[in-house]
Amino acid sequence: MNPRFVEWWLEHPSLLGMPFHFWTGVLAILGAFVGSFLNVCIHRMPLGESVVSPPSHCPRCGYRIPFSLNIPVVTWLWLRGRCRSCREPIPARYLVVEALTSGAFVLAWLGFGHDDPAMALALCALFASFIVATFIDFEHFIIPDEITLGGTLAGFVLSAVAPGLHGTASMPAALRRSAVGIAVGFGAVYGVVRLGKLLFGREKIALPAGARVVFHEEGVRMPDRDVPFGDIFYRASDTIRLRGRRVELADRCYPEADVSLTQGELRVGGDVMDPATEPYLSAEAQELVLPREAMGFGDVKFMSAIGAFLGWQATVFTLGFASMVGAVVGVTLIGIGRREWSSRLPFGPYLALGAMAWVFGGARWWGRMFAG
Ligand SMILES: [Zn+2]
């Protein structure tokens, strides 16, 4: 046997004697299959559906690609993005997520597999959760608990298996750092969320005493401004809320009631109405809550997961990095006259990007800056 191979094998017993790039190939394929599962998560988690059953099928005709033919990326390309049975287009997102997951797995392996295969695999799990969080957040402005709370737990457990995540070889030290990361990640972002409500001022709007708020056909009128619904509602879940006194509708009146309005539903007290048939409402209120906050509680839990995997330094770095990129994007959008787009962008993807930057360079930079 080639003595150099023996030497290499002794140095890399965990690679089971296969060449490094054999595993790169395995991870590329595994990533594509995981990506295909992530597509199911992205589609079903926000709807509260099970990600295991029923097996994926065409939403129009119910056709299910047989397991033997369900090869990620390849199947989509082979079917040219259409259902095999009814020719309904399959969104390009399916292809993108599979390719992206495959790429993320390869990146994690090439970056860390040589020195610490366990850490590389743990990073694969983290990146998979980033992909799900990003795609769901863009579409629904939420990050499901399966990802944030599940990710926090997974990060803690994987810290024991792959202490290299926290730059140590000791399991107890890694678990300690993971726990601190969870606490700091949660605390730091929670603080920013509270602060953001002061800075951005868009979440709660305090109104002068005795002010009346009017919902009319085009928007919401407050004493000092009139905000069109088009600026407020982007998602079905976006809600305007207020606690109103003397709530008046076209044909009835409530002495005091909680009022909430979405694109499809007006609730006054316990009554549910169709906003299309109740185009007018007037109420006295002390404050009005509009949707569209810079960060929500989902981001707080998401940051806990990042801290669980990568430690508290990573959460501070991630938050700073994400805020900077977010500011640059925001200023750019204002510069090109697309200010309204920035309020449609969720913050979760910026956090995922910040954590990626930490893994691929930020941690080294931090070490040089602060650990001498
Ligand atoms: Zn079909």
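**The chain as a whole**

This is a predicted model, in which local features need pLDDT of at least 70 and side-chain atom pairs count only at pLDDT 80 or more, while totals for chains, interfaces and linings use all residues. Residues are numbered from 1 along each chain as its sequence is written.

The chain has 12 helices and 9 strands; these are DSSP runs numbered from the N terminus, with H or I over at least four residues for helices and E over at least two for strands. Of the 372 residues in the chain, 33% are buried. Here a residue is buried if 20 or more other C-beta atoms lie within 10 Å of its own, exposed if 12 or fewer, and partly exposed in between, with C-beta atoms placed from the backbone. Among contacts with a separation of 6 or more, 67% join residues 24 or more positions apart; two residues are in contact if their C-beta atoms, placed from the backbone, lie within 7 Å.

**Nonpolar cores**

A nonpolar core is a set of buried Ala, Val, Leu, Ile, Met, Phe, Trp, Tyr and Cys residues joined through C-beta atoms within 7 Å. The largest has 62 residues, of which Ala108, Leu123, Phe127, Ile131, Val132, Ile306 and Leu351 touch the most other members. Elements that give two or more residues to this core include α2 (20-44), α4, α5 (117-140) and α6. The most comes from α5, with 14 residues. Leaving aside neighbours within four places in sequence, Ala108 is in contact with Ala120, Leu123, Cys124 and Phe127. Another core, of 15 residues, lies apart from the largest one, and Phe215, Ile240, Val247 and Leu266 are among its members.

The table sets the two helices side by side; the expected span is 1.5 Å times one less than the number of residues.

| Helix | Length | Span, first to last C-alpha | Expected span |
|---|---|---|---|
| α4 | 22 residues | 30 Å | 32 Å |
| α6 | 17 residues | 23 Å | 24 Å |

The buried residues of α4, including Tyr94, Trp109 and Phe112, pack against α2, α3 and α5.

Helix α6 has a kink of about 30 degrees centred on Gly151, where the bend is the angle between axes fitted to the seven residues ending there and the seven starting there. Gly151 is also buried, as are Gly155 and Phe156, among others in α6.

α6 and α9 pack at an angle of about 10 degrees, with their axes 7 Å apart. Axes are lines fitted to C-alpha atoms, for helices over the stretch in contact, and angles run from 0 to 180 degrees between N-to-C directions. The two helices are therefore roughly parallel to each other, a label for angles under 35 degrees. Residues making the contact include Gly151 and Phe156 of α6 and Phe302 and Ala305 of α9.

**Back to the loop**

Two residues here have a positive phi although neither is a glycine: Arg80, at about 50 degrees, and Arg87, at about 70 degrees. Arg80 is found in the loop between α3 and α4 and is exposed, because it has 9 other C-beta atoms within 10 Å. Arg87 counts as exposed because it has 12 C-beta neighbours inside 10 Å.

Ser85, in the loop between α3 (74-78) and α4 (92-113), is partly exposed because 14 other C-beta atoms lie within 10 Å. Leaving aside neighbours within four places in sequence, Ser85 is in contact with Cys58, Cys61 and Tyr63. Ser85 and Tyr63 are 22 residues apart in sequence and 6.4 Å apart in space, C-alpha to C-alpha.

Notes:
Parallel < 35°, antiparallel > 145°, perpendicular 65-115°, else oblique.
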